[in-house]
Number of protein chains: 2
Amino acid sequence: MKNGWRLHAQLADDTHPLASFALCELRLMDDANYPWLVLVPRIADAVELIDLDAAQRHALTDEIDRASRALREVFRPDKLNVAALGNLVPQLHVHAIARFRDDPAWPRPVWGTAAARRYSEEALIERVARLQTALRAL
Amino acid sequence: MKNGWRLHAQLADDTHPLASFALCELRLMDDANYPWLVLVPRIADAVELIDLDAAQRHALTDEIDRASRALREVFRPDKLNVAALGNLVPQLHVHAIARFRDDPAWPRPVWGTAAARRYSEEALIERVARLQTALRAL
């Protein structure tokens, strides 16, 4: 929690912790419709990608790469979607989502399409474990 | 056009050239609803961000930063949206979009909401010129 950074309450509600990278907290979105990760740089008051300096944005893209490779390894998706939007939650965060041609939103982006479907406790534990194993093996 | 790279026909149809960066072609989306840039790395067969090596993804994020700063300089948006989706056009490309609270899609993402509104020739020339001036000044 350096520099007074705190995870935004909405992100804390919607996601579960997966890993702490050098720059970002890696979280799992609590929506069983899609394997959906969120990276949140621990930089107080960062809103836009352009709020990062060069070293920070290189670190962020390296961590997006790592998270995306874990998604590919575990889920073998048809496509990866990576996005920094933040129209609703102002704290800078980056989505990395494994997409499938038969998922509820395909080929549209996931935001604002299907209502979130929360994981069961059992499914959540299993998904977190698989992703953490894949992250450690990268 | 090194390595046999060619701009995808759909991107060629939908966008206009703005600048050639070291890695990417920077293009303006022909949709007057939003100031909307597209960066296309000149890497043959790249589909996902994870198809890039570390040097390429650092260069890409530096060029996204530059394009985003030009958007901010010219348009003073309420929010920037940056995304690599590619569910419809497989060639790797990154969107950088200036968003406003009164734009046709706010707060949703822009894809699949309002139908594209093509620029008039006059408006297109003016917009390209303003962006190119801002890019040169960065």
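Before I name anything, one cut-off: when I say buried, I mean under 20% relative accessible area. Also keep in mind that this is a predicted model.

So, with that cut-off, Trp111(A) counts as buried, because its relative accessibility is 16%. Trp36(A) is buried too, with a relative accessible area of 6%.

Let's stay with the aromatics. How many aromatic pairs does a search of the whole structure find? Over all chains, the search turns up four. One of them is Trp36(A) with Trp111(A): the ring centres are 6.3 Å apart and the planes sit at 90 degrees, so we call that pair edge-to-face. What does the pair tie together? Well, Trp36(A) is in strand 3 of chain A, residues 36-41, while Trp111(A) is in the loop between strand 5 (94-99) and helix 3 (121-137), so the pair ties together parts that are 75 residues apart in sequence.

Over in chain B, Tyr34(B) and Trp36(B) make an edge-to-face pair as well, at 6.0 Å centre to centre with 70 degrees between the planes. Both of those residues are buried. Back in chain A, ring pairs link Tyr34(A), Trp36(A) and Trp111(A) into a cluster.

Now have a look at Asn33(A), in the loop between strand 2 (24-29) and strand 3 of chain A. Buried or exposed? Asn33(A) counts as buried, because its relative accessibility is 14%. And what does its side chain reach? The Asn33(A) side chain gets to the backbone oxygen of Ala115(A) at 3.0 Å, and it also makes a polar contact with the side chain of Arg117(A), at 3.2 Å. If you leave aside neighbours within four places in sequence, the contacts of Asn33(A) are Asp103(A), Pro104(A), Ala114(A), Ala115(A), Ala116(A) and Arg117(A).

Next, Ala67(A), which you'll find in helix 2 of chain A. Ala67(A) has a relative accessible area of 0%, so that one is buried. Which residues does it touch, not counting those up to four places away in sequence? Those are Leu26(A), Leu37(A), Leu39(A) and Leu135(A). As for Leu23(A), its C-alpha is separated from that of Ala67(A) by 13 Å, and the two residues are 44 apart along the chain.

Okay, last part: the interface. Here 30 residues of chain A are in contact with 30 residues of chain B. The area buried between the two chains is about 2800 Å², and carbon and sulfur atoms give 54% of that. Which three residues supply more than any other three on the chain A side? They're Ile50(A), Lys79(A) and Asn87(A), with 25% of the area that chain A buries against chain B.

Lys79(A) comes up again in the charges: it forms a salt bridge with Glu48(B), with the closest N and O atoms 2.8 Å apart. Between chain A and chain B the count is six salt bridges, and there are 22 residue pairs in polar contact. As for elements, helix 2 (54-75) and strand 4 (79-84) of chain A are the ones giving two or more residues to the side that touches chain B. Helix 2 gives the most, with eight residues. By class, that side of chain A has 14 nonpolar, six polar and 10 charged residues.

That's it from me. Happy to go back to any of these on the screen.

Terms used
Residues are numbered from 1 along each chain as its sequence is written. Chains are lettered from A and ligands numbered from 1 in the order in which they are written. This is a predicted model: local features need pLDDT of at least 70, side-chain atom pairs count only at pLDDT 80 or more; totals for chains, interfaces and linings use all residues. Side-chain values use heavy atoms; hydrogens and water are left out. Rings of Phe, Tyr and Trp (its six-membered ring) pair if their centres lie within 6.5 Å; planes under 30 degrees apart count as stacked, over 60 as edge-to-face and the rest as tilted. Helices (H or I, at least four residues) and strands (E, at least two) are DSSP runs, numbered from the N terminus. Buried means under 20% relative accessible area, exposed over 50%, partly exposed in between (1.4 Å probe, protein chains only). Contact means heavy atoms within 4.5 Å. Buried area is the accessible area (1.4 Å probe) that two parts lose on being put together, summed over both. A salt bridge is a side-chain nitrogen of Lys or Arg within 4 Å of a carboxyl oxygen of Asp or Glu. A polar contact is a pair of N or O atoms within 3.5 Å; within protein, one must be able to donate a hydrogen and the other to accept it, and residues adjacent in sequence count only if both atoms are side-chain atoms. Ala, Val, Leu, Ile, Met, Phe, Trp, Tyr, Cys and Pro count as nonpolar, Asp, Glu, Lys and Arg as charged, and the others, Gly among them, as polar.
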